[in-house]
Structures are given as structure tokens and as C-alpha cells.
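Good morning, and thank you for the time. I should like to present one structure and ask you to keep the display in view while I speak.

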Amino acid sequence: MTTEPKKTAAKNLFIDNRWLIITAIFAFIIYLLLPILTPFLVAAILAYMCDPLVDRLCLVGVGKFMIGRTLATVLVMAGIFGIITLLLLILIPLLQKESLLIAERLPSTINNIRATVEPWLQSKFGISFAIDGAQIQDIITKNWKTAGGLLGDVLIMAGNNGMALVGIIANILLLPVVLFYLLRDWDVFVARIGQLIPREWHDKTATVASEIDQVLAEFLRGQLSVMLAMSAFYAIGLWFAGLDMALPIGLVAGLLGFVPYLGFALGVVLALVVAALQFTSFGQLIPVLIVFSLGQLVESMVLTPTLVGDRIGLHPVVVIFALLAGGQLFGFAGVLLALPVSAAIAVGLRHTKDNYLNSDTYLN
């Protein structure tokens, strides 16, 4: 006698969560079309992040002149590409300069290590280094002189894979075009999508979408604040530690903080390599290690709980898995999409749980 009501309750539960099925189908279609969707996905993410700024600019005016949506979009895009250009102008010359210094210091560093370690290895194990600083210097000089040939090799490889190169260039050129139209017409797209949602689903969908938007907005603001703060912390700290490449290493370690532990790990490796080539004793490496140790403590115990907290509603292990899975399935675009999709899934699962706990299937 109780079988029929339970079937009805299960059917009602399925109907209440039809939007989850639609979301899954939509995600599968995106996966199939991924080879051509990468610039569109990246542009959509950037448009979502920058839309509030465009909305605010549209409210700005001088006298009777008001900034329109198109002009606001152009200004925001100019700001985005200006920041990217500024970072490249900072990083590339510094990396080029420091790479020359590393090439000059590497032979002397090897000689210092050899003079310090080789006597101990010789006395204890009978081992000696078969590496000479002069040989290293000769190798570096010869390869440095022939480095121009690398460009020829790259051009030959590009010629042999012409279609792949054309595809990469097309994606790069397509990205700003797609971003402009998405950012300019973002509110129009959202309104039209809302009009297409069946009326019986509209209120529920609007509620879920509003929660997802709130979670993502808070998370993105908090994460961006953490990234900027850690970039400044690492750059200033490494500068006080006397490291030559303090600014580029600090920027890399801080700005890659959106991937858990990637920025920290890469920053430590780069800093230790540069410090080993720059300094002459192990004691000089200790301030560099202290900077990254303090940075990790400040980020994990102060900045992240304060500025981000658990706004995304996911355990850190789940966040790491989502980022790795997104990168494996969708590449760089997958890393960018991992947290937004995870936040959407978390909100959907919370509503599914609430529906289940209030359903006859659970209560009976």
C-alpha cells in the first residue's frame, strides 16, 4: 500500500530537480565543443567578473553627458589589457636581466659548492665532482651565441604545424572581440535567458542563480584581494631579504595563488634557485625561507579566513580536486571554470538536500 506514494514522492523529487539534469546535459555539450569554445569560455568568465564595473561606470556622468554601455565596456577592456601589458613590461625585462646574471654567476656558484662540498665527499666517500666552472662558462657562452638559432627552430616548427599556429592566433585575436560583445550586452543576455525559463521553474531558478552569483562575487573579490596582498608581501619581503628578483618572484607567487599551493611552491623554488646563485652561504638563504613561511601563515591563518573564508562553501580538499579535475578535462579554461562550476554544484546540492529532507521519501 505504501509503494505508490513513495513512487509519487520520488517522481516529485525528480521533477523538482529537473534543472540539475539540464545543467548536466549543458555541461556535457560544452565538453564536446571545448576545442572551439576556449576563447568563448574565457571571455564569458572575464565578462562575468567585469560586468559590475561596467554597470558602475554607466552611472558616472559629467553634466548631461553619461557614459554609455559601449564606452564603459571599452574603458574596462582597456584597463584589463593595460594591466596585462604592465605586468609583461615589468616581468619580461627583469627576467631577461636576471637570466643574464644567473648565466654569469652559475660557474662561480658551482666552484664555491665544489670547494665546500668536494673535500667532505672525497674524505667520506671518495667522490669528486667532474664538473669545472670553466667548462660551464664555455658551454653557456657557446649556447648564448647560438641562441639566435632557436628562433629559426621555432619558425620551422611553426611552419610544420601551421594549422595549430593559426588556431592559437585565431583564439588570441577572437578573445577580445568576444569579450567586447559579451561585456557590452551581458545584461541583455541575462534578461533573455530569464525570459526563456519556463514559468514554473523561474522562481526556483532565479533563487539558485542569485545564490550562485552571490557566492561567486564574494569569493572572487576575496580571492583577488588575497592575491594582490600576497604579491605585495612576497615582493617586499624578498626585497628586504636582499634577493635580486624580488619583484617578479613576488608577483608570480602572489598572482598564481588562485591555484592552491601552486604560487607558493613555484615561488619557493624560483627564490631558492636565485638565492643559491646569488648568495655565498647557506645562512643567507634563511631570510628567503622565513619570508615564504610567514607568507604561508599570513595567507592561510589571516588573509584567506578574513577575506575569503568559506564563502564558496567547499572544503579545501574538494577545491584542490576541482582545480585538478578541471585542468585535466578542459585545460587552462578548466582551471578557470573549476571554482565557478564547483560553487554552482555546491548551491545545487544544498537545494537538492533541502528538497530531499522535506520530501515524503525521507519523512516516510
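How many helices and strands does the chain have? The chain has 14 helices and two strands; these are DSSP runs, numbered from the N terminus, with helices being H or I of at least four residues and strands being E of at least two. Please note that this is a predicted model, in which local features need pLDDT of at least 70, side-chain atom pairs count only at pLDDT 80 or more, and totals for chains, interfaces and linings use all residues. Residues are numbered from 1 along each chain as its sequence is written, and side-chain values use heavy atoms, with hydrogens and water left out.

Let me begin with the chain as a whole. Of its 364 residues, 29% are buried, where buried means under 20% relative accessible area, exposed means over 50%, and partly exposed lies in between, using a 1.4 Å probe and protein chains only. The chain exposes about 23000 Å², with carbon and sulfur atoms supplying 72% of that area; accessible areas come from the Shrake-Rupley method with a 1.4 Å probe, and for residues only the protein chains shown count as cover. A contact means heavy atoms within 4.5 Å. Among contacts between residues at least 6 apart in sequence, 69% join residues at least 24 apart.

I turn now to helix α11, residues 262–278. Its end C-alpha atoms are 24 Å apart, which agrees with the 24 Å that its 17 residues should span at 1.5 Å a residue, the expected span being 1.5 Å times one less than the number of residues. Buried residues in α11 include G263, G267, V268 and A271.

Next, the surface. I21, I25, F28, I29, Y31, L32, L33, I36 and L329 make a nonpolar patch of about 870 Å². Patch residues have over 30% relative accessible area and no salt bridge, and nonpolar side chains (Val, Leu, Ile, Met, Phe, Trp, Tyr) are joined within 5 Å; a salt bridge is a side-chain nitrogen of Lys or Arg within 4 Å of a carboxyl oxygen of Asp or Glu. Helix α2, residues 18–32, gives the largest share of the patch, six residues. L329 lies in helix α13, residues 316–357, and is partly exposed at 49% relative accessible area.

Leaving aside residues up to four places away in sequence, E299 touches V226, M230, Y234, T304 and P305.

Technical notes. Patches are made of residues with over 30% relative accessible area and no salt bridge: like charges are joined within 9 Å, nonpolar side chains (Val, Leu, Ile, Met, Phe, Trp, Tyr) within 5 Å.
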